[in-house]
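Visitor: I would like to learn how to read a protein model, feature by feature. Could you walk me through one?

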Amino acid sequence: MNVRDSEHMIAELNTKESYELTQNLSEADLIIINTCSVREKPVAKLFSEIGVFNKQKKKGAKIGVAGCTASHLGEEIIKRAPTVDFVLGARNVSKITEVLDKKHAVEVSTGFDESTYAFGEYRSNPFKAMVNISIGCDKSCTFCIVPATRGEEISIPSELIVQEITKAVGTGAKEVMLLGQNVNNYGRRFSSSEESCNFTQLLQKISKIEGLERIRFTSPHPLHMDDAFLEEFASNPKICKQIHVPLQSGSSSILKAMKRGYSKEWFLNRCEKIRSLSPDTAISTDIIVGFPGESDADFEDTMDVLERVRFEQMFSFKYSPRPHTEAARFSNQIDDTIASERLTRLQKKHTEILNEVMDAQMNTIHQVYFDELKSNGRVAGRSSDGKLFFMRGSEEFLGKIVEVRVIQTSRGALEGVPL
Ligand code: SAH
């Protein structure tokens, strides 16, 4: 989502200003730091980075802080780091050209007006397009800062989404990644009048776009994975067979304290349904360990779900108390040493699972969409189920879906040869 926000800012600057991108910091006239605030670490890193940029930047170069940390710290950023010229919240990235010349401008409102929402032309990779389908989040997960930084959830009208994807397909993209905090809650509230359209219907509309071959989306919420959605997911050949099902915790009582809206049983039932409808689907997840009140038994429930579902990809984090969240005020915070031990155990188990999953890929056949040129005479791409592939080759493979056989496996990637 942040990568797409950065693309929006670049698109706005390209349309209204005469900046060009540079890889060389000391050459830059404008430095924008696009930030995350989901966990605490990136926030601390922001201020040390500003210090580094202050030393290395050209005289007179401007520094702007954008994204979620900009949203939640606002003016405090300028107080702590007066060399910052402007602060632009996650929901305000399309206003980049408005704040550029106002010294110490702070634009962090979470209101929404479609006319200010830039569908930028800039894409960092022409072969695949990222398209926002909704912004903000209406959930109230007790650990999560996102609703406070990105505002309430608003769905973008489906014609605008179809238009945007059609444009991207016209310039070479065969794959689209639909973006939203809660993609399968799509259609709950539109910014302007729109016919009713839910996520399943949106997927059906998008799959009619000629020339578009692959649809991905992130991130869906387990609670909204109804049967109609999972049946569409499994039966629509354009939808890639990879799905993110963020667990957060395997314990029903912790899930309740997190206000996730589903239980361990519901989560397992949805994963079983996915596997029964589409056995080759790769399921990935997010897990938080050490949430306030997490007992040994709660953590065992998380381990149990990991072992039963055998997630291919797992993003796992130690719980980090965040401002504007309920859980930060809970009195039963977990000792850091215990949380670290649990994280280590979880990750070790996942590594074992991943090794087995990837080893079993030897000699299997995949349809790989190659979209990136590597420096060593190789190209990189992804299979429908999201596995990273490398193959000997050059430009001729880019933007093409190639049938390949796996000749070498590792935990992170597979090596393939064309059939
Ligand atoms: N909308 C997504 C979450 C996006 S944030 C969802 O509902 O699943 C990405 C991930 O960061 C979350 O899935 C969660 O695992 C992690 N995360 C969010 N807040 C956190 C916190 N306070 N501490 C640790 N991890 C957190």
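Guide: We will go from the whole chain to single residues. This is a predicted model, in which local features need pLDDT of at least 70 and side-chain atom pairs count only at pLDDT 80 or more, while totals for chains, interfaces and linings use all residues. Residues are numbered from 1 along each chain as its sequence is written, and side-chain values use heavy atoms, with hydrogens and water left out.

Visitor: How many helices and strands are there in the protein chain?

Guide: Helices (H or I, at least four residues) and strands (E, at least two) are DSSP runs, numbered from the N terminus. Here the protein chain has 13 helices and 17 strands. Its radius of gyration is 22 Å, close to the 22 Å that the globule rule gives for 419 residues, so the chain is as compact as a globular protein of that length. That radius is taken over C-alpha atoms, and the rule is 2.2 Å times the number of residues to the power 0.38.

Visitor: What does the domain assignment give for the protein chain?

Guide: Domain bounds come from an automatic or database domain assignment. In this chain they are domain 1 (2-107), domain 2 (128-359) and domain 3 (365-418). The C-alpha centres of domain 1 and domain 3 lie 35 Å apart.

Visitor: What share of the residues count as buried, and what share of the contacts links residues 24 or more positions apart?

Guide: Buried means under 20% relative accessible area, exposed over 50%, and partly exposed in between (1.4 Å probe, protein chains only). Of the 419 residues, 51% count as buried. Contact means heavy atoms within 4.5 Å. Among contacts with a separation of 6 or more, 70% come from residues 24 or more positions apart.

Visitor: Which residues of helix α9 are buried?

Guide: First, the general idea. An α-helix has 3.6 residues a turn, so residues three or four places apart point the same way. In helix α9 (residues 227-235), the buried residues are Phe229, Leu230, Glu232, Phe233 and Ala234. They pack against α8 (199-206), β9 (214-218), β10 (242-244) and α11 (264-277).

Visitor: Where is Ser219, and what joins Thr218 to it?

Guide: Ser219 is in the loop between β9 and α9. A cis peptide bond, with omega about -5 degrees, joins Thr218 and Ser219.

Visitor: Which residues other than glycine have a positive phi?

Guide: Two histidines are worth a look here. His104 has phi near 60 degrees and sits in the loop between α5 (96-99) and β4 (105-107). His324 has phi of about 65 degrees and lies in the loop between β12 (313-318) and α13 (336-359). At 33% relative accessibility His104 counts as partly exposed, whereas His324, at 55%, counts as exposed.

Visitor: Is Lys41 buried or exposed?

Guide: Lys41 is exposed, with a relative accessible area of 73%. Its place is in helix α2 (residues 41-56).
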